[in-house]
Amino acid sequence: MATAPENTLSSFAEAERVGVDEIELDVKVTRDGELVILHDRTVDRTAAVSTPFLHTPIETMTFDELRTVDLGGGEQIPTFEETLDATSVLLQVEIKAPNAARPLAQFLQSRPESDQARCLVTSFDPLSLADFTDEWSGAPRGTGLHVPELDTNWREQAQRIGVSTILIPLSIVTRPLVDELHDAGYLVAASLIEGPGDVRRVLEMDVDSSASNAPEYARRLLEESAEFTARFPDFARIGALLASHSS
């Protein structure tokens, strides 16, 4: 997110402020078993200042070591527990490392049902989703499989794991495919919204959800789309309420 370091508590607070319905975040696990929020394997790209751990893989670091990394603006790498406590919207929790799958399932089982009900657990890796489901098959929102390319055996993998949601790039999804997946009982997410044409495509494809790396801009695009607000009048009313609260 543009106004705060990515995957930090301040970025999540900013996303909630502009009115997102869901936040996507990435989960890894440290050497000593702490679930943390980080996209990359190392902090080389996201650390604001030099650190001895700049190129150290997260899975080889302790949580205390990871906490010494400065992401800028006083931000540290948050734990998943801190993130659950600091947010109130739905969460799309992507397993970024296979060794985080079972700890994530165990941890979510320990949380209140209200937190469990907010989380859709996703991954590009079918084995990670299989491990998560093997550990806990009762996730209320189920699991989601990212499908970056369509010419693979992803249908078989999705069926075998029993996922609830298929996530496909907006650039390659087709309406017949969305209809097929809906008929099979899946929800379909297609991203990203980066311009007005993407809003039109989201509507044409009839997908269930989409995402953006610039949520405030994306929300403005949706509010400016007469077709979108006509189809989803509650969205327009919520946007007006948010605007009145911020003025």
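**Salt bridges and overall build**

Reader: At 30% relative accessibility, does R102 count as buried, partly exposed or exposed?

Author: This is a predicted model, with residues numbered from 1 along each chain as its sequence is written. Local features need pLDDT of at least 70, side-chain atom pairs count only at pLDDT 80 or more, totals for chains, interfaces and linings use all residues, and side-chain values use heavy atoms, leaving out hydrogens and water. Buried means under 20% relative accessible area, exposed means over 50%, and partly exposed is in between (1.4 Å probe, protein chains only). With its 30%, R102 is therefore partly exposed.

Reader: OK, and which residue forms a salt bridge with R102?

Author: A salt bridge here is a side-chain nitrogen of Lys or Arg within 4 Å of a carboxyl oxygen of Asp or Glu. R102 has its closest N and O atoms 2.9 Å apart with its partner, so the pair qualifies. The partner is E135.

Reader: How many residues apart in the chain are R102 and E135?

Author: Helices (H or I, at least four residues) and strands (E, at least two) are DSSP runs, numbered from the N terminus. R102 belongs to helix α4 (residues 101-109) and E135 to helix α6 (residues 126-135). The pair links distant parts of the chain, and the gap is 33 residues.

Reader: Which helix holds R175, the partner of D206?

Author: The side chains of D206 and R175 meet in a salt bridge at 3.8 Å, N to O. D206 sits in the loop between α9 (196-205) and α10 (215-224), so the bridge ties together parts 31 residues apart in sequence, with R175 in helix α8.

Reader: What about R45 and D40: which of the two is buried?

Author: These two form a salt bridge, with the closest N and O atoms 2.7 Å apart. R45, at 48%, counts as partly exposed.

Reader: How many salt bridges does the structure hold?

Author: Some of them join up: E81, D85, R111, D115 and R118 are linked in a network. The whole structure holds 23.

Reader: Zooming out, what radius of gyration does the protein have?

Author: The radius of gyration is taken over C-alpha atoms, and the globule rule is 2.2 Å times the number of residues to the power 0.38. With 247 residues, a compact globule would come out near 18 Å. The protein agrees with that, because its own value is 18 Å.
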